[in-house]
Amino acid sequence: MTPENVPRKAVILTAGLGTRMGGRPKALLKVGGREIIWRNIKMLQDCGVREFILVINPKFGPQIMEFLEKEGFKFRYVTNAHPEKGNGYSLYLAKDFIDEEFILIMGDHVYEEEFIKEAVRAKGLVGDPEPEFVDISEATKVRVKNGRVERIGKNLKDFDCIDTGFFVLTPEIFRHAEEIVKDKEEVSLSEIMERARVEVTLVSSKFWMDVDTKEELERANREIIRRSIKSGEDGFISRHLNRKISIRVTEKVIDSLTPNQASLISFLAGITSFFLIFFSKPVAGIFFQLSSILDGIDGEIARARMMGSSFGGWIDSNLDRIVDFLFLLGLAYTSGLNTSGWVLFSLAAFGSYMVSYTSERYRGAFGRSIFQDYPVLRKIPGKRDERIFLTMVFLVFNAVLELFALLAALTLTRVALTLLLVWREST
């Protein structure tokens, strides 16, 4: 759905020299497995922007244009043959493409989706009063008076916010830009914004940062991946153990693995744990726990790389159910159970399946996560990560019957409470 009152056009400044990055165009650097410019254009498109104007450096322009064309993005461009004249001059060059309100962003700034969604509805300069991820000493500071820019610059001692590199402007800005361009050889955006006294809109508590160094690139990559975690749906073990490991693995493989490939690796680890049951239950339990850790990687990659799909979530959920049932069946088959033992196995397997089924069916029926509507369920034990960790612990002591009994109790109790909660709210 295209939101209302969002500008249709966006100007992206990509005419930098790239000297701090070894001569590479910063717009094509990858953060969270995706090029910075890809991320920004995709998020702006999702918010309703339809036309993109790039101001490019002739040195890097062909690389950037070839990449965007390959990815299927439509854009127009203007070449800045004199990038040394500053980013204000780059903005000025876009004047012939703009006849209405437009968005302006920098080609080396990284934003999270929540920032973009709020910023596209702003007016003027978007400032952050409490930036968490930038070096204040190096940032462009803004002093605000009556809701507009009074002073702007890196050396301000008294300021109200930090310039985020995101602007929502009108064509009037080009009149101010032209006045400065006529008088100066080098023109900064800060000078234009100060002369125009543009409005200031504050956006806080959202991730954004500019990427000027390799260290900042690594930091942005870590933060985008960290924010890809759906912590609200994680169980206790995922929050305190699994995610701490999986996120480090994701940082290493995000550029080389797709979400579906990561799902397959996790599935194969789970199948391996099933076969290991026939040789060593403790080792099988350890591999089962390993598959649980790896199970978080596909989702982290999908969200960080903006590759989430209904098919990916569906296939991952089905593969998890296959692994869980096979593992419990393998334990039952190799443990010489009597009738009561097989009853406990059946209850444990049924309960494990129903925990996932009730959550997924809620999403299918109501279009929302059950944890969003019933946060208390996050505190009730019995989620998959918790069950697998308990399985590993009990198998160290070869306590299969005790494991089945505990899994049956945990899962069936959780299912009963889930049904009761939804029933009470829906009737």
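The model is predicted: local features need pLDDT of at least 70, side-chain atom pairs count only at pLDDT 80 or more, and totals for chains, interfaces and linings use all residues. Residues are numbered from 1 along each chain as its sequence is written, and side-chain values use heavy atoms, with hydrogens and water left out.

Reader: Why do the buried residues of α2 line one face of the helix?
Author: Helices (H or I, at least four residues) and strands (E, at least two) are DSSP runs, numbered from the N terminus. Buried means under 20% relative accessible area, exposed over 50%, partly exposed in between (1.4 Å probe, protein chains only). In α2 (residues 61-70), G61, I64, M65, F67 and L68 are buried. Seen down the axis, they line one face because they fall within an arc, taken from the directions from the helix axis to the C-beta atoms, of 160 degrees.

Reader: Which residues of α2 are exposed on the other side?
Author: The buried residues include I64 and F67. The exposed ones on the other side are E66, E69 and K70.

Reader: Which residue of β6 does I12 stand opposite?
Author: I12 is buried, on one side of β1 with A10 and T14. Strands pair if DSSP finds at least two bridges between them. β1 pairs with β6 (residues 102-106) in the parallel sense, over five bridges. There, I12 stands opposite I105.

Reader: Which residue of β4 stands opposite I12?
Author: β1 and β4 run parallel, joined by six bridges. The residue opposite I12 in β4 is L54.
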